Structures are given as structure tokens and as C-alpha cells.
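Work through the exercises below with the sequence and the structure at hand. Each task is followed by a solution in steps.

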Amino acid sequence: MATSQEILEALADYQVQCNENKRLRKMQRDWSKLLHFVAEDTKDTFTMNVVNGEIVSFEAGLNGTPDIIVTSTSENFCDMFWGDLNPSQKYLAGEIRVKASQEDVVRLDAITMIIWPDV
Amino acid sequence: MTELKKVIKLRTVISTSAGMAIATSCYLAGIQLATILVGELAWISILLAGFLCLLSSMCFSELTSLYPTAAGIKLYIQNAFNEKVSIIIGMFYVILGISMVGAESYLLASVLSGTFQIFTPLYDKLLWMLFFIVFVVLINIRGVYITGLVQDIMTYSMIAFMIGVSIYTFATHDINFSLAAQSAKFTLGNIIQAAGVGVFLFVGYEWVTPLAEETTDYRLIGKGMIWAIGILTVTYSLFIVAMYTGLTPAQLASGTPIPHIVFGTNLFGVAGTITFICMSILASVTSFNSGLLNTSRFSYAMGRDNVLPRFFSKLHPSYATPWVSILFLGGLAIVISLTTLFTGKYLFIILMAAALECFIYVVAAVCVIKLRKKYPQKERAFKIPGGYTVPIIVIVVFTGLMIGIFTDVSRDYLGRELFKNYWVAVVMAGFFLCMVLYTLMVVPIFKKKAQEKEKTRVKRRPGKS
């Protein structure tokens with residue numbers, strides 16, 4: 001199990017990787033969403049705010065009404081934010097569950113795919 | 001747990017499910033169904049087909065409540081059987097499903113070329129077919145999505161229009177049910193056989209299940225499918241009988257691929273032709289667009305999962321759409337459309353789609369039984385009442401209908417043989433075998449390659465390298 005602090009550290013790295021990737025920023029330029037992440041095993045929750053493809057903030061806890069809700073284990077979240085996990089594979093295996101439109105599911109996966117194409 | 005900002009309501013679940021099923025090819029399938037039985041009594045087979053689809057929808061409802069995700073079909077087959085079976089069936093379903101575009105684009109091209117002549121009929125059909133497919137491919141790559149409200153307006157308008165036209169036809173034409181009931185064609189065997197073709201009228205209703213991720217309550221998907229099938233059953237029952245009544249025996253005998261346009265012209269002249277053409281375009285474009293949207297996302301996911309070559313997961317740099325998957329499936333649709341154009345065997349594809357649906361319904365019912373045995377305690381927002389009764393009925397009936405389709409002979413209105421339907425089974429078996437060989441021989445290569453790459457990759461997470 002990953003702690004809340006570990007996930008926040010992973011999120012900090014994820015934010016930098018996302019925001020510095022020009023290709024990703026171009027692709028997601030119209031994508032503004034509020035995301036909620038729920039770690040089922042630890043009950044930890046996180047909120048991430050994406051404005052025009054830029055991750056402007058993230059924090060522990062659930063704030064606002066989300067456009068996307070992602071539910072999984074704390075370990076999966078930690079690995080995903082560090083770029084060590086293929087979210088699509090976990091999604092297809094039912095280990096990551098997403099409440100969102102199909103377009104948003106692809107866009108969420110696109111982040112990992114663009115930043116870490118080998119994953 | 002907080003809820004999403006934007007959620008899909010029951011009204012949109014119904015319109016999406018019904019909208020996927022309504023297509024130009026449904027009118028032709030309806031006339032084919034009416035030809036097998038007696039036109040005036042076609043509604044009996046439609047009611048039967050609708051009822052059977054209703055039972056199958058209960059299986060999808062239970063599976064969706066168990067796996068409320070867009071990856072549902074792969075997930076529940078994988079959990080009921082194993083990953084290989086899920087890949088084989090999933091890809092078989094998707095690739096053969098896209099082949100319906102062949103019949104759909106051919107029929108739409110027939111509708112347009114019959115009205116607006118530019119070159120010769122053949123070139124006109126070719127032109128319209130390519131235009132139609134390329135248009136849908138482009139809007140998919142551009143990432144144009146039909147919103148729930150637009151879907152609602154389009155589907156409910158089409159349904160209201162079909163019901164309105166039917167009522168008008170019944171008010172202006174004589175229908176003699178008792179005379180029709182005395183026909184030698186009105187037999188139990190023909191009712192069941194026609195119901196087998198009638199399944200085609202509902203093809204695609206289950207493609208609404210990926211919307212589970214956008215609803216507040218997963219049970220809405222099940223409710224929506226049931227409502228959609230009910231509405232479609234009533235609408236088709238009325239419209240097919242009305243269309244049959246509104247066509248002259250000579251028009252029926254001509255074997256026209258565009259009976260609804262001829263029917264519209266008979267009723268309202270040029271205004272009827274134009275209105276029915278518009279309805280046809282709307283029905284075809286929406287169902288093909290949704291079909292391509294779903295299947296391309298499936299191919300994208302398969303690419304990401306190392307089941308298909310990695311390039312299937314390439315995303316468009318500006319629109320974030322899986323453009324390689326869309327182009328591949330669009331190309332496949334063009335190949336099938338051209339084959340349909342040059343062979344003229346659009347009925348073949350309609351029967352193939354009906355048989356494919358029967359097959360998928362059987363798979364879904366088997367999954368329900370296997371998953372109940374495997375995970376009896378797993379939470380289900382919806383569980384089919386009556387134990388295994390409904391899934392077993394679905395398995396028996398749809399296997400029977402599928403065999404019925406394969407063992408029959410396709411004939412036109414005058415009873416002339418078009419082709420023997422076992423060829424449909426041969427083509428489907430060929431496709432299935434290709435999927436089996438691909439899964440057993442090619443997929444392991446991609447998986448192994450991905451595993452080797454994974455081993456050499458340095459983990460970024462601190463303490464995990």
C-alpha cells in the first residue's frame with residue numbers, strides 16, 4: 001500500500017512531466033477537467049485540476065464536483081503517476097475504474113502514453 | 001462519493017440504444033422478414049424477436065452491473081473464461097460488426113444514387129459509398145461527438161416520424177389481417193425463421209453499455225435497453241406492416257434495396273422521397289458514427305494492451321483521437337462496401353450481422369451463468385430474477401435462431417433462390433478461425449516483446465527500480 005504522502009509526491013512529478021511536455025499540452029489544449037482519485041484500499045482521496053491541458057493544482061481530499069472519477073488501489077495510483085504502469089492494461093483488467101465519458105477515458109490514458117511512450 | 005458534473009439520464013440511454021439499432025438496412029431487413037412470413041402479419045415475428053432481445057438485454061444488464069465499464073465485453077468474457085477467449089470473441093465481434101457498414105453504406109448509396117444521378121448508377125453508388133465512409137471517418141478523427149441532447153432529438157424524431165407515417169398509412173390503406181392469416185406462408189416455422197431475421201432490427205442496442213461510466217446508477221443501462229427494445233418493437237411492428245402495405249406487389253417483386261424510399265414516394269410524392277432520404281442519411285450516419293467510435297476505441301485499447309500492433313494506439317496530435325484505428329476500420333469498411341457493391345450481396349451481410357448478434361447474446365448468457373458460479377458473492381446492482389431460467393432460454397433460443405439462419409436459403413419476394421445461407425456460416429467460421437490463429441500465434445509475440453521491454457525499463461518510482 002502506498003501512503004498519501006507517496007501519492008502526493010508521485011502527483012508532483014506527474015504534474016511536472018505533464019506540464020513540460022509540449023506535445024501533450026498541444027493535444028490537451030482544450031481539455032479542462034476536475035478529476036477525483038479514490039484509493040479504495042487506504043480510503044485516501046485526491047483532487048486534480050486540469051485547465052487547458054495544464055495541471056494547475058492537486059491536493060489531498062475531494063473538492064468540487066468532478067468531471068472524472070478514477071478509482072483504484074493506492075499502489076496503482078502511485079505507479080501510474082510515476083509512469084511505471086500502463087493505465088489501459090489495468091483498466092481493461094478492471095483494476096482501474098473510471099467514471100467519465102469515453103473521450104475523457106482516452107485523454108486520461110493519453111497523458112501516460114505521450115509522456116512515457118514505452119509504458 | 002461525489003457524483004459527476006455531467007451524467008447521462010435514462011432518456012439519453014434509451015435514445016442511444018435505440019439510435020444504434022435504427023439504420024437504413026433495417027427497412028430492407030424488415031421487408032425481407034415480411035417476405036418470409038406474410039407482410040400484414042410481420043409484426044408477430046417482430047414482437048417475438050423483440051421479446052427475445054429483451055431477454056438477452058437482461059443478460060447484458062446483469063453483466064453491466066457487474067462490470068460497469070466501457071471495457072465490459074472484454075472484461076466479463078475474460079473473467080468468465082480467460083484472456084485468450086476474450087480477445088478472440090471481442091475482435092470477432094468488432095471486426096464482423098464493422099462489416100455491417102458494408103450493407104449500410106451500400107444501401108445509403110442506393111438511396112442517394114437512385115435520386116440524384118451524377119454519372120452512371122454504378123459510379124454514383126461508388127461515389128456516395130466512399131463519401132459516406134470518408135465523411136464519418138473524418139468526423140471521428142476530428143473528434144466530433146454527438147451530445148446526449150442531439151442524440152435524443154435525432155432518435156425520438158425518427159421514432160415519432162416512423163410511428164406517424166405508419167398511422168397515416170393504416171388510415172389510408174386497407175389491411176386485411178384475416179385474409180393474411182389464411183396464407184400458406186403463415187406457419188409457425190416461418191414465424192420463427194422471420195424472427196431470426198428480425199433480430200437484425202435490434203442489432204447494436206447493446207452498444208449502449210459503455211455509457212455505464214457516465215450514469216449515476218448502473219441500473220439505468222439495463223432499464224434503458226429494455227425501454228429501447230420495447231419502443232423499437234412497437235415502432236418496427238407498425239412501420240414494417242405499413243411499409244409492406246404501402247408498396248405495390250410489383251414494387252415488392254422488384255427486390256428494391258430501398259423499399260422505404262419507394263414507400264415514401266408512394267405516400268407523399270417528392271416530399272416523401274426527400275423526407276425519407278433525410279431520415280435514411282440520419283439513421284445511417286448516426287449508427288455508423290457510433291459504431292466506428294466504439295470499435296476504434298476498442299482497437300485503441302487492444303493496441304495499448306499489446307494485443308494489436310502498438311501503432312493502433314497512436315493518437316492524433318491535435319484531437320487526441322485514435323486515428324490509426326479509425327483509418328484501419330474505415331479502410332476495412334470501404335473494402336467490405338466495395339465487395340457488397342460488386343457482388344450485390346447486401347442481404348448476406350444482414351444475415352451475417354443477425355447471426356453475429358445471436359452469437360453474442362449466447363456468449364453473454366453463458367457469461368452470466370459462469371460468473372454467477374465463479375463469483376456468487378460479488379455485488380450486482382441488477383440480477384436477473386428466476387435463477388438460470390432466462391440465460392438458459394437465451395442460450396437455447398438464440399443458438400436455434402443462429403442455426404435457423406445458417407440452414408435456410410435466402411429468396412427474393414418471388415421465391416427465387418438468392419444464395420444458400422450456409423455460406424454465411426462458412427464466412428463467419430473463417431473469420432473466427434482467423435481470430436483464433438491470430439490470438440494463439442501472433443498475440444503471444446506482441447506480449448513477449450512487451451514483457452522484454454518492460455524488464456529492461458528502469459522504474460521511475462523511488463525504491464522500485
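Predicted model: local features only at pLDDT ≥ 70, side-chain atom pairs only at ≥ 80, totals over all residues.

**Exercise 1.** State in what order the five strands of the open sheet in chain A are arranged, and find which strands stand at the edges.

Solution. Step one: the order of the five strands in chain A is 3-2-1-4-5, and their pairing is mixed. Step two: strand 3 (54-60) and strand 5 (97-99) of chain A each have a single partner strand, so each of these edge strands has one side without a neighbour in the sheet. Step three: from one strand to the next, the twist averages 20°.

**Exercise 2.** Determine in which sense strand 4 and strand 5 of chain A pair, and over how many bridges.

Solution. Strand 4 of chain A covers residues 68-72, and its pairing with strand 5 of chain A is antiparallel, over three bridges. For a position to look at, take Thr71(A), which stands opposite Arg97(A) in strand 5 of chain A.

**Exercise 3.** Find which strands helix 1 of chain A lies across, and which strands helix 3 of chain A lies across.

Solution. Helix 1 (residues 4-20) of chain A lies across strand 2 (45-51) and strand 3 of chain A, and runs at about 175° to strand 3 of chain A. Helix 3 (residues 74-82) of chain A lies across strand 1 (33-39), strand 2 and strand 4 of chain A; its angle to strand 1 of chain A is about 135°.

**Exercise 4.** Describe how helix 3 and helix 10 of chain B pack.

Solution. Step one: the angle between helix 3 (residues 42-66) and helix 10 (residues 188-198) of chain B is about 60°, and their axes are 8 Å apart. Step two: angles from 65 to 115 degrees count as roughly perpendicular and those under 35 as roughly parallel, so helix 3 and helix 10 of chain B are oblique to each other. Step three: their crossing is right-handed. Step four: the residues of helix 3 of chain B in this contact include Leu48(B) and Ala49(B), and those of helix 10 of chain B include Ile191(B) and Ala194(B). By class, the contact of helix 3 with helix 10 of chain B has six nonpolar, three polar and no charged residues.

**Exercise 5.** Describe how helix 3 and helix 17 of chain B pack.

Solution. Step one: helix 3 and helix 17 (residues 389-407) of chain B pack at about 130°, with their axes 9 Å apart. Step two: this makes helix 3 of chain B oblique to helix 17 of chain B. Step three: the crossing of helix 3 and helix 17 of chain B is left-handed. Step four: among the residues that meet are Leu52(B) and Met58(B) in helix 3 of chain B, and Val394(B) and Phe398(B) in helix 17 of chain B. The contact of helix 3 with helix 17 of chain B divides into twelve nonpolar, one polar and no charged residues.

Conventions: Residues numbered from 1 in each chain as written. Chains lettered and ligands numbered in written order. Heavy atoms only, no water. Pairing = 2+ DSSP bridges. Helix = DSSP H or I, 4+ residues; strand = E, 2+ residues; numbered from the N terminus. Axes fitted to C-alpha atoms, helices over the stretch in contact; angles between N-to-C directions. Contact = heavy atoms within 4.5 Å. Parallel < 35°, antiparallel > 145°, perpendicular 65-115°, else oblique. Left-handed = near helix turned anticlockwise from the far one by under 90°. Nonpolar A, V, L, I, M, F, W, Y, C, P; charged D, E, K, R; others polar.
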